Amino acid sequence: MKKIALLAVVAGALVMSSCNNSEKKDTTATDSAKTVGEHVDAAIADLKNAEENARLKAEQAKKDLDEAIAKGDKAAEEKARVASEEANTAWEKTKDALRNAGEDVKEGLKDAKDATVDATNTAVDKTKDAAKNVAEGTKKVANDVATGTKEAAKDVKDASKKVGDDISRKAKNVGEALKN
């Protein structure tokens with residue numbers, strides 16, 4: 001309920017401040033490229049303007065009340081008192097909205113910071129896991145290559161021995177055949 005009331009006050013403050021702005025700007029493609037920070041800054045500036053306008057209206061209402069009291073006009077005094085109370089209430093609500101907006105911005109920035117830290121930590125963890133997986137994969141490939149090289153060397157050794165034995169046997173056969 002408080003947030004709805006705050007939203008209504010902020011909306012009212014923005015409407016009040018926009019009514020006092022006589023300068024209208026044409027929007028261009030570059031206007032839509034504002035950052036979130038620029039939007040927040042603009043909203044806070046609008047709230048500050050609304051707060052200043054509400055303060056000025058409250059001061060004027062107070063002056064009107066003082067004048068009505070000085071003249072002794074009870075009807076004017078009652079109207080001025082009601083107007084002064086309404087202006088003061090509007091001013092207080094605007095100040096509260098400005099304070100609440102500041103707190104909301106502070107919380108939003110804290111949440112954004114926390115989300116950024118969490119995302120960074122997750123990325124770091126995933127990078128570490130990926131690096132570990134690459135290291136383990138490289139180690140496995142190196143072991144497989146070493147094992148394969150040892151087996152190939154053994155096969156070459158066995159084949160060389162067999163070829164040597166075959167040559168030796170054939171040479172012996174040739175030698176015997178020459179004797180005969």
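**Close-up 1. R169 and D166 in helix α3 of the predicted model.** R169 is partly exposed, with a relative accessible area of 44%, and its salt-bridge partner D166 is likewise described as partly exposed, at 29%. The closest N and O atoms of this pair are 3.5 Å apart. Because D166 and R169 are 3 residues apart in helix α3, about one helical turn separates them.

**Close-up 2. The salt bridge between K110 and D114.** In this view, which again shows helix α3, the two residues lie 4 residues apart, or about one turn of the helix, and their closest N and O atoms come to 3.5 Å. K110 counts as exposed, with a relative accessibility of 51%, while D114 is partly exposed at 30%.

**Close-up 3. The salt bridge between E77 and K74.** Here the side chains meet with an N to O distance of 3.9 Å, and the two residues, 3 apart in helix α3 (residues 74-179), are separated by about one helical turn. E77 counts as buried, since its relative accessibility of 13% falls under the 20% limit for that class, whereas K74 is exposed, with a relative accessible area of 63%.

**Close-up 4. A network formed by E52, R55 and E59.** These three residues are linked to one another through a network of salt bridges. Side chains of opposite charge can pair when their charged atoms come close. For the structure as a whole, the number of salt bridges is 10.

Methods: Residues numbered from 1 in each chain as written. Predicted model: local features only at pLDDT ≥ 70, side-chain atom pairs only at ≥ 80, totals over all residues. Heavy atoms only, no water. Salt bridge = Lys/Arg side-chain N within 4 Å of Asp/Glu carboxyl O. Buried < 20%, exposed > 50% of the residue type's maximum accessible area, 1.4 Å probe, protein only.
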